[in-house]
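The sequence and the structure are shown first, and the description follows.

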Amino acid sequence: MATAEIRGIGHSVERKEDARFIRGKGTYVDDITLPGMLHMELLRSPFAHARIRSIDTSRAAELPGVVAVVTGELMAQHKLAWMPTLSGDTQAVLATDKVRFQGQEVAAVVADTAYIAKDALELIDVDYEPLPAVTTPQQALEADAPVIRDEKEGQTDNRIYQWEAGDREATDRAFAEADKVVSLDTFYPRCHPSPLECCGCVADVNPATGKATIYMTSQAPHAHRTLFALVAGLPEQKIRIVSPDIGGGFGNKVPIYPGYVVATAASLLLGKPVKWIEDRTGNLISTGYARDYHMHGELALKGNRITGLRTTLLSDNGAFYADAQPSKFRAGLFHIVTGSYDIPAAHVVAEGAYTNKAPGGVAYRCSFRVTEASYLIERLVQTAAYELGVDPAEFRLQNFIKPEQFPYESATGFLYDSGDYPKAMKLALEKLGYDELRREQEEARKEGRLIGIGLASFTEVVGAGPGKHYDIAGLRMFDSAELRVHPTGKAVLKLGVRSQGQGHETTFAQIVANELGIPPEDVEVQEGDTDHTPYGLGTYASRSTPVAGAATAVISRKLREKARTIAAHLLETAEDDLEWENGAFHVKGAPERAKTIQDLAFAAYTDIPDGMEAGLEGVHYYDPPNMTFPFGTYAVVVEIDRGTGEWKVKRVVAVDDCGVRINPMIVEGQIMGGLAEGFGIAAMELITFDEDGNCIGSNFMDYLLPTSWETPEFELGETVTPSPHHPIGAKGVGESATVGSPAAYVNAVVDALAHAGVRNLEMPVTSDKVWKALVEAGLAE
Ligand code: CDP
């Protein structure tokens, strides 16, 4: 470990990036203004499903200040009316034949100002022939459902995929031999990542050089560059994606959206920079939603032991299958659904369907559907405990994978790297005062008060690759770090990932500090410019620390080894006689004969041994041997108002284990943010649709995000179980709380009513749903 002065791993170093953010000096896409820049706005479909008879753009084109009106027909002339999605499907860039969801992009106006462009949208006359809308996946799979993707050759229904994992026979056997089977049908509703900053770009195709510089809200700039090259046919060396400061991503900025493609095509055709900035409604109704999984789960029980797990799920994928996930896994990593439990047999069947809704299925602060999986198993486990008459904490402890079983191979094929689930749970229970609370709950019931205690002991899976198993659109999931130590001992670290507020400029500098002894303030971290950073797959699914963090540690160590050779040369000793400590090599037994990393960096450019290449620089591409598996236990206490069904969170205790913590303050911030998002999803957030496919939830009056008013207080705790395969033992943490906490909140509300037989409430658990349950259970006041 580095010393306190160097402030490497384990120090709550203040976030370097905040100096500019809190002064309003960040540079977001909308802050970019280029000479001669034009503005683009998109016309969106008012219908969920309609044939386009004609589009008349003549009135819009005549409006003074309008430079061009773009339709799908024009895009088709350039073979750009359709684009590939990240899941190997196709998506309309601008609709030509039909619109397939409300909010779909139909035309674009490019004008001198955004206001003129917006006004002109109203002058575009589209003649629609409305078609029946399909708004649920169940409806989509009915034999007489209208075929949404009738343009696809061979597509005769709305089925997208069928996929399975695990061992069906072994699972059937476990169920045949079970003493008891418990089941749960539940729906993880469609929700939206809703970053503070919506999506947008400034596309600047230089007519003189042919170079396309695209400033865009991108969580994966390198992958986007390659996809742009493949889609638009532009040579890749002529494409530069710059992802400047990003105001939150949460998975929403992983896909490529039509707006980026149309703005780039418009800049190419017009020879001028074109800016497109999405408004809030555009973001909510058309860009990467998350979840929308209908799930059925069953546990086979023998005594108090879980012996089998069977799940079937039906996914609502919207009109285009655009889930951002590794291509081999049609339902993401949902098959981690065995969670923290030692379940010998499991089988998962997943099916996806097209509906007349926006595409998405993005990993909203989630590693490719682990959130849905974690929710299902944590709700099922609580149900089983009630049915067996066992305390839910005790039932978990009896079924956890034991610390000595790691590395543990799950029944669906994951190799969990490390864990100590009982330790995290016991700490959470102790902080909560669980036993005492259970007694209070009993007492309160006698007084007519309804208190509930909900637990969730989640296991996360983050840090994709390994590249041989995980890819996005065929690109192997590795990541990279390039470290340049300058002669004066100051360094620049360039990464393939891209922070959206997670504090990479601080934490990755701390990794270098830890490994090389250069203080974090002397290490500038650069991300997000494809011309100036090494190739990487980007930041989502909590992969930055597990993959790019590892790459950073490895390249730092490589440079340290070179510095050792230089030190041996300067100190006229053998390399083996040197010891590394506190940012310096000294001769063993003679600490005064030392060279600091700063001395050695200077020597790398001024005084190197014969035959050595000058400089102290290098790049490493890290393909992880496995994922990392963070975990923890969350405990929530609620009280229900029997007169209204309203529920209030009284306490939230969250114990997380993400292995070695690089920056404890940043980790805690990540967890608190995730707990707040988890609360929003459990309590109030819902993107839903009426029977015509109109999106209800297209603005923040209807789509409710929790404010500081509703968000509860959080009490945090930690255990540290290092990842054995990560160079510094770190696991990801960014999404743990969003993954783990929704089940804890819902379990708490259900727990308050469980004695009256209530087993399930669907998210968002609004007071009207609780009121209904109170009435049915005879508990209403
Ligand atoms: O990929 P993303 O940055 O969203 O997620 P992450 O790798 O889980 O990291 C989120 C933030 O927490 C980053 O700034 C990490 O460096 C920091 N972190 C940490 O300090 N220690 C860990 N063990 C994990 C993450």
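Tyr416 is buried, with a relative accessible area of 0%, in this predicted model. Phe629 is likewise buried, at 1% relative accessible area. The ring centres of Tyr416 and Phe629 are 4.9 Å apart and their planes lie at 20°; an angle under 30 degrees counts as stacked, and the pair is therefore classed as stacked. The two residues come from distant parts of the chain: Tyr416 belongs to strand β19 (residues 415–416), while Phe629 is in the loop between β29 (616–622) and β30 (631–640), 213 residues apart from Tyr416.

**Aromatic pairs and clusters**

A pair of aromatic rings is described by the distance of the centres and the angle of the planes. Across the whole structure, a search finds 25 aromatic pairs. One of these is formed by Phe47 and Tyr128, whose arrangement is edge-to-face, with 5.2 Å from centre to centre and 65° between the planes. Phe47 lies in the loop between β1 (38–44) and β2 (50–56), whereas Tyr128 is in strand β8 (residues 125–130), so this pair ties together parts that are 81 residues apart in sequence. The two partners can also be described by their accessibility: Phe47 is partly exposed, with a relative accessible area of 32%, and Tyr128 is buried, at 12%. Elsewhere, Tyr341, Phe400, Phe406, Tyr421 and Phe631 form one aromatic cluster.

Arginine side chains also approach aromatic rings. The charged end of Arg20 sits over the ring of Phe21, at 4.7 Å from the ring centre. Arg190 lies over the face of Tyr289, with a distance of 3.4 Å to the ring centre.

**The sheet containing β8**

Strand β8, which holds Tyr128, is part of an open sheet of three strands in the order β6-β2-β8, with antiparallel pairing. Its edge strands are β6 and β8, each of which pairs on one side only. Between β2 and β8 the antiparallel pairing extends over six bridges, and Glu129 in β8 is the bridge partner of Arg51.

Arg100 is located in the loop between β6 (98–99) and β7 (105–111). What is the accessibility of Arg100? Arg100 is buried, with a relative accessible area of 0%. A polar atom of the Arg100 side chain lies 2.9 Å from the backbone oxygen of Ile148.

Strand β12 (residues 212–216) pairs with strand β13 (residues 239–242) in the parallel sense, over four bridges. Within this pairing, Ile214 stands opposite Ile241 in β13. Together with helix α7 (residues 221–232), the strands β12 and β13 make a right-handed β-α-β unit.

In helix α11 (residues 392–399), the buried residues are Pro392, Ala393, Phe395, Arg396 and Asn399. Seen down the axis of α11, its buried residues fall within an arc of 160°, so they line one face of the helix. At the start of α11, the backbone nitrogen of Ala393 has a side-chain oxygen of Asp391 within 2.8 Å.

**Backbone geometry**

Most residues other than glycine have a negative phi, and most peptide bonds are trans. The following table lists departures from these patterns.

| Site | Feature | Value |
|---|---|---|
| Ala464 to Gly465 | cis peptide bond | omega near 15° |
| Gly465 to Pro466 | cis peptide bond | omega near 20° |
| Arg291 | positive phi, not a glycine | phi of about 65° |
| Ala473 | positive phi, not a glycine | phi near 50° |

Gly465 is found in the loop between β20 (450–459) and β21 (471–472), and Pro466 is placed in the loop between β20 and β21. Arg291 is found in the loop between α9 (280–286) and β15 (293–302); Arg291 is buried, with a relative accessible area of 0%. Ala473 lies in the loop between β21 and β22 (475–476). Is Ala473 buried or partly exposed? At 36% relative accessibility, Ala473 counts as partly exposed.

Technical notes. Residues are numbered from 1 along each chain as its sequence is written. This is a predicted model: local features need pLDDT of at least 70, side-chain atom pairs count only at pLDDT 80 or more; totals for chains, interfaces and linings use all residues. Side-chain values use heavy atoms; hydrogens and water are left out. Two strands pair if DSSP finds at least two bridges between them. A crossover is right-handed if, with the strands pointing away from the viewer, the path from the first strand over the helix to the second runs clockwise. Buried means under 20% relative accessible area, exposed over 50%, partly exposed in between (1.4 Å probe, protein chains only). The arc is that of the directions from the helix axis to the C-beta atoms. A polar contact is a pair of N or O atoms within 3.5 Å; within protein, one must be able to donate a hydrogen and the other to accept it, and residues adjacent in sequence count only if both atoms are side-chain atoms. Rings of Phe, Tyr and Trp (its six-membered ring) pair if their centres lie within 6.5 Å; planes under 30 degrees apart count as stacked, over 60 as edge-to-face and the rest as tilted. A charge sits over a ring if NZ of Lys or CZ of Arg is within 6 Å of the ring centre and within 35 degrees of the ring normal.
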